[in-house]
Amino acid sequence: MLVSGIVSRPKYEPFALDPSGRSHLIVADHPAPPGDFGPTPASNAPIEIWCVCTNPRTTAEASQNGRAVSRSFRSTAHLLDQLDKRLARELVGLRIYAVGIESFVWDVARLARKFGMEKGEYRLTHKGSERRRVYCIHCRAYTEDVTTNIVSCSGCGASLLVRDHYSRRLAAFMGVQVDAEVPGDVPAIEEAFP
Amino acid sequence: MTLAFKPAETFRKDFTYRNSEAGILRFPFPFAEDTYMYSVNIEPHLPGGPSPAYDHAFDVDEHYVAECKERAIVLAEDPNRCKVLPHMTEAQWDTLELIMESFAKDYPEHFSLQKNGTRWSWENRPLGLKDSFTFGDLSSLPYEPFEYITRQAQGDFTLQDQRDNNLFVDGGMVTTQADWSLEFDIGMTFHEWHGPVPLAHQLGVFDRALKFLLRLQYGQPVRRLNWTMTINPRLDTSPENYPVWGPDRNTVTPENVAQKVHLRVELQTLFRLPRSNAILFGIRCYLASVAELARVEKWRKRLHRVLRDLPPELEDYKGLTRYRKLVVDYLAPFDDGAPLSRGPQPDQTIL
Amino acid sequence: MSGPKLNLRVRSIEPLSPLLKRFELEMADGGEVPPFGPGAHLRFNLQGDHQRWKNAYSLVTPPTERRRYAVIVRRVEHSRGGSAFMHETVKPGQILEASVPANLFPVSQIARKHLLISGGIGITPFLSYLAAFKSKAAGYELHHFCRAKEAEIFGHLLRDHESSRIHIHAGTEFNLSSVLSSQPLGTHLYTCGPEGLMDLVLDTARTHGWPASKLHSESFGSAHMGGAPFIAILKRSGAEIAVREDQTLLEAIEEAGFEPTNLCRGGACGECLTRVLEGEPEHRDHYLDEGERASNCSIMICVSRAKTNRIVLDL
Ligand code: FES
């Protein structure tokens, strides 16, 4: 059970536009997305930037920002809701770039897949906290923002060991009761995912 | 040999599961040599080989009825153990056809299938089932086709969709697993799914296996063996129920080790499915206690040598840490170190 | 690897045009034909008086049809190959041997729409696609290219399908770019036909940002385990073995009475690794790494062949 070096731990790519795309949509869970687009993409390919700017006065109005069109959203939920509607009318040739914490980028990936996008059409860049979303394999509750190797489950209260095994579908790491074999035998809790 | 089922056997609580003498001798013992390491040990799934367990596409043995009952118990507690993603419907029908046709052909005294165009009648005598349905019409069966037929088969099954030069675990019936979760893993690629397996990635085992499986042809199934150990004859050693079976590992003593510790062998079979182009992966679990295996002279010596020399990463991954030494100590007096014949066959026909 | 074989009786032969014939086949034993999926093909073992051919033809019957198969064969002009044999020698009632259906051109199960582009006889795999799409939710669109004089024949083959989704282009103007740049997200593209057409379609798709995972084209080449004949010499016994074009090196060695170790027979497990003493292997396995391939010292005899017409093995 206590195996490390698991291969299903996702690897993330540094942010860069994919020159083969015909239009680019960058979505970020923070206000200042990357400004450097890397190698210049196909000259006329439109670029759009969506970001989250937690502010009750924010509207999703578009503004021109150099080559790119920008929109700000009040929350991650607001952004994801709009993204769902946007993808429903998008065309093949689009590339999506998600930049942010792990749970956010995988929420974006899940939406992209819902509309038939596959590897090579979306790119995920991890930025910000290493905090993990943990799925309790016993009671199925999620525990958010986990920073320690062992965490108490938000659902059943068990001490869960956070394994490196990651489910892209659930966008969460697996949590397994650490003292299952010897009740009460819980190792020292350490800060692991700052 | 006619099959005598043992419908009252249990795989939980009082654990009354036992192998008959014939059952022991047909056990698919996995060790052809005195040491064990991962390899791409894939071979054509053709009848024949060192155990009659390989004689048919899907082996039915004396534990058939009891295992189907055990599966029903697990599903009643946790329906998520069977899950198929929506794009796999075609593969569900493929699976139903493959298992029904194989059973009816290989065990005509127990199963029969009558087809009249798409109107099919299925009879499963050991479980007392008789159903007529329309092939291709989901509403004509009491469960979805994959669940319907895998409730009537021994062993776990997963469905792999092939796309983008990869295989995705997009469905399964998983109630007799060695510590992996369908609910968690569904939708993963081949490499992600095997993520927790140590050493094998570095050896390139999964890269080669994947390339091979992508070219698997309809009508040419393949098989391989895998193994681990389990305390008590417990089929459901799922991560979901780890708190239920984990404590068993501390109950092993020098006195009960031979009865408690079981070798758990997975006969893995892979079939290309014709309509969906998906791959059906059968993971059939066989259990035999150390005491049962020790009745075969060659096996007690070989099992001793393999466990004694097992690499530490594998000991950890297979969860043997707490009791491997007890098994080795139990078997050591039986092993005189004499050379053993190559291959896993028992080299004796009676016990 | 050669899998299970089928004995198929020719039920009927229907000429569609001077160059196209449709063959209906049923099981010689009267049973159901094995199931298959859209895009599958049959590989026939055709036995002429002095020659044998292995020709693959797409199944054009709906995948739900279990009483018979059908294939359409185009007679390759000025050829004495398998297609000429099919057109001129094969008669109704005759039994032909074929392998069970194989599929190298399956439809995507996750596509939200299917876009099909074919040319000439390349329409054949799409005939089984179209039959399968009838019962599916995902949309589709077909563009077929052919010569003006054949437009009517292809129109006839496609008559059972929704005309609003089927477009036959016989010499008329067509803007490939506008079709490929206006497809909804989640569309998969399939192309089959002359090499030039397929290359054009795939290249244009790439310039419009289509990712590799969504591009599919039919090529029978990679299914082919055979190749040019060559001679293998087994150093230890001195045996000289002629490897025919339709068998693997391993099969030929076994036919000569030897039993080299092997397991998967598909180039994955490494069991059949054999040292090469002379000659150059044509590697087709998944086992050897780049360096091992380049050194030409080893060969996986279950799948690989020889580039040279003679190869000497340490066996
Ligand atoms: S037999 Fe497995 S690589 Fe040749």
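The questions and answers below concern a predicted model.

Q: What ipTM does the model score?
A: The coordinates are predicted. Chain C averages a pLDDT of 90, and 96% of its residues score at least 70. For the model, the pTM is 0.90 and the ipTM is 0.88.

Q: What area is buried between chain A and chain B?
A: Chain A brings 27 residues to the contact, and chain B brings 27 residues. Carbon and sulfur atoms give 56% of the area buried between the two chains. That buried area is about 2,500 Å².

Q: Which residue of chain B forms a salt bridge with Arg140(A)?
A: Between chain A and chain B the count is six salt bridges. In the bridge formed by Arg140(A), the closest N and O atoms are 3.1 Å apart. The partner in chain B is Asp78(B).

Q: Which three residues supply 41% of the area that chain C buries against chain A?
A: The contact takes 18 residues from chain C and 16 residues from chain A. Together the two chains bury about 1,300 Å², with 55% of this area on carbon and sulfur atoms. On the side of chain C, three residues supply more of the buried area than any other three. They are Arg112(C), Leu185(C) and Gly209(C).

Q: Which residue of chain A forms a salt bridge with Lys214(C)?
A: Two salt bridges are found across the interface of chain C and chain A. In the one that involves Lys214(C), the closest N and O atoms lie 3.0 Å apart. The residue of chain A in this pair is Glu118(A).

Q: Why are Asp81(A) and Lys85(A) separated by about one helical turn, and in which helix do they lie?
A: Asp81(A) and Lys85(A) form a salt bridge whose closest N and O atoms are 3.1 Å apart. The separation is about one helical turn because the two residues are four residues apart in a helix of chain A that spans residues 76–87. That helix is α1.

Q: How many salt bridges does the structure hold over all chains?
A: Side chains of opposite charge can pair when their charged atoms come close. Such a bridge is counted when a side-chain nitrogen of Lys or Arg lies within 4 Å of a carboxyl oxygen of Asp or Glu. Over all chains, the number of salt bridges is 73.

Q: Which element gives the largest share of the lining of the second largest pocket?
A: The second largest pocket has a volume of about 1,400 Å³. Its lining has 45 residues, and those nearest its centre are Arg113(A), Lys119(A), Tyr122(A), Arg168(A) and Phe168(B). Among the elements that each supply at least two lining residues are β5 (94–100) of chain A and β7 (166–173) of chain B. The largest share, four residues, comes from α2(A).

Q: How many charged residues are in the lining of the second largest pocket?
A: The lining of this pocket includes 17 nonpolar residues and nine polar ones. The number of charged residues is 19.

Key
Residues numbered from 1 in each chain as written. Chains lettered and ligands numbered in written order. Predicted model: local features only at pLDDT ≥ 70, side-chain atom pairs only at ≥ 80, totals over all residues. Heavy atoms only, no water. pLDDT = per-residue confidence, 0-100. Contact = heavy atoms within 4.5 Å. Buried area = accessible area lost by both parts, 1.4 Å probe. 1 Å grid on protein atoms, 1.4 Å probe; cavity = no way out; pocket = protein on both sides within 12 Å on 5 of 7 lines; lining within 4 Å. Points joined across faces, edges and corners; volume = space filled by probe spheres on them. Nonpolar A, V, L, I, M, F, W, Y, C, P; charged D, E, K, R; others polar.
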